[in-house]
Amino acid sequence: MKRLGCDCVYLDISHKDPEFVTSHFPNIYNRCIELGIDITRSPIPIVPAAHYTCGGIVSDKNGLTDIPNLYAIGESSFTGLHGANRMASNSLLECMVFATAAAQHIQQQKGTSNADALIPPWDETQVTNSDEDVIISHNWEELRRFMWDYVGIVRTDKRLQRARRRVQLLQQEVTEYYSNYRISSDLLELRNLILVADLIIQSAIRRKESRGLHYTLDYPELLVDASDTILVPPSFG
Amino acid sequence: MNTQTHYHNVLIIGSGAAGMTLALNLGPEYKVAMLCKDEPNEGSTYYAQGGVAAVLDEYDSMDSHIQDTLIAGAGLCHPDVVRYTVEQSPAMINWLVELGVNFDTETQADGSREFHLTKEGGHSHRRVIHAADATGREIALTLAARLSTHNNVAIYQKYVAVDLITQDKVGQAGNSCLGAYALNLATGQVELFRADFVVLATGGASKVYLYTSNPDTASGDGIAMAWRAGCRVGNLEFNQFHPTCLYHPDTKSFLISEALRGEGAKLILPDGTPFMKKFDDR
């Protein structure tokens, strides 16, 4: 698409028996009909789109993370199941297996109670209401656009470095905004997205090979030894 | 203003298949809170079209499912974790069926009904149990209906988790998790959720990209909160892009399942010429 400069390509199943199509794909058929596309008669306009995050929070077979009493399960976790590319329909299985294991593990930890733990209340005496909400919508669009262009399906060192510089700038702005203004749902999501984007870029920069879903023009070959990319936070341990 | 405070034994952040399965597996003596940012069914589970991979066919085997997963993972799967996960697949399907999930069946030559299994990319057998092309919705609705009968689980809708609370963050020795702060969207106030155990079931982060097949909730909240709290993260450079997402000005985030190509749909250019043959003969 980048090469041809077209907005989309098409997926065509109109050569199949309409009855087969509507009975096997009723959900897709109905949704497309609502938009004026009859998939039994005409092709479907499509683009590629980000679909699944294979990596995530390091967690063990019980879903336990590096932090005691904290579990991560499902797509947010990194269990080692998916490797460099998830196989279709293994992700719901992973949700079920690790959720079941985590529930069992929690129920084995008798005697853990934080009922009386001293936790300070949320302090918002230092913040005011924002009059600059445009920064959120602007940074939101900027982030998702450069991630698509520079950290998408085909990567290079230059594109990743360019993305890294931009994400650091956004991070400064949002951190400052976060500490000065009352929080909103959009601000919280943007703050998280920028951080995860930074972690994705850092991970991609470290991988000096093309493997699975990570493809870079600068290192098209596969290294002999396969190893995970593990990032360690400043507050680890 | 005082911070409103809650206490539960288990705080689950996220209400997809993972979070609901965990809640359903906790005994009635556990007081559970489940936070969801939006309506409970606005996660990726609800939109999953494909199905659940499981070894159910008599000609299939655990070893084959394991081998296919390892090949797809291109040398980075942890083989012990793959085996551990795959070996539990029949038990997980049984559990879902017992809860009332209606997977598609078909009539066999001898007149009996058996589950219809589809074959998806990378699988060398028919192995994917499904409910038409809306498996996630069937699973999500069934789990949610069952969960509504569990009086020990309180669902907090329109609560956005802000950050995890750990011992060292509040000046205590150790780094155990003590709960989380969450923004109540109805009041605009941050509330304190104290808990013995906290579970992140917040889904992925595909929304970092301009085009995504995921619902709006996939903003990597759990990954970001865990990192800030001191957790390591792994293999985040591996982001899967779905080749076929509907492109239409009036809609976003609608996936066209790969099963269409599995059943013979062809990729074509705007002028009608097929193009995948140029890249791959499969």
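Predicted model: local features only at pLDDT ≥ 70, side-chain atom pairs only at ≥ 80, totals over all residues.
Residues are numbered from 1 along each chain as its sequence is written, chains are lettered from A in the order in which they are written, and side-chain values use heavy atoms, with hydrogens and water left out.

**The interface**
- Chains A and B bury about 12,700 Å² between them, with 64% of it on carbon and sulfur atoms; that is the accessible area (1.4 Å probe) the two parts lose on being put together, summed over both.
- Six salt bridges are counted between chain A and chain B, each being a side-chain nitrogen of Lys or Arg within 4 Å of a carboxyl oxygen of Asp or Glu.
- B:Arg232 pairs up with A:Asp66 in a salt bridge, and their closest N and O atoms sit 2.8 Å apart.

**Chain B: fold**
- You'll find eight helices and 14 strands in chain B, taken as DSSP runs (helices H or I, at least four residues; strands E, at least two).
- Its C-alpha atoms fill a box of roughly 65 × 50 × 40 Å along the principal axes.
- Of the contacts in chain B between residues at least 6 apart in sequence, 58% link residues at least 24 apart.

**Chain B: burial**
- Of the 282 residues in chain B, 57% are buried, meaning under 20% relative accessible area (1.4 Å probe, protein chains only).

Terms used: Buried < 20%, exposed > 50% of the residue type's maximum accessible area, 1.4 Å probe, protein only. Contact = heavy atoms within 4.5 Å.
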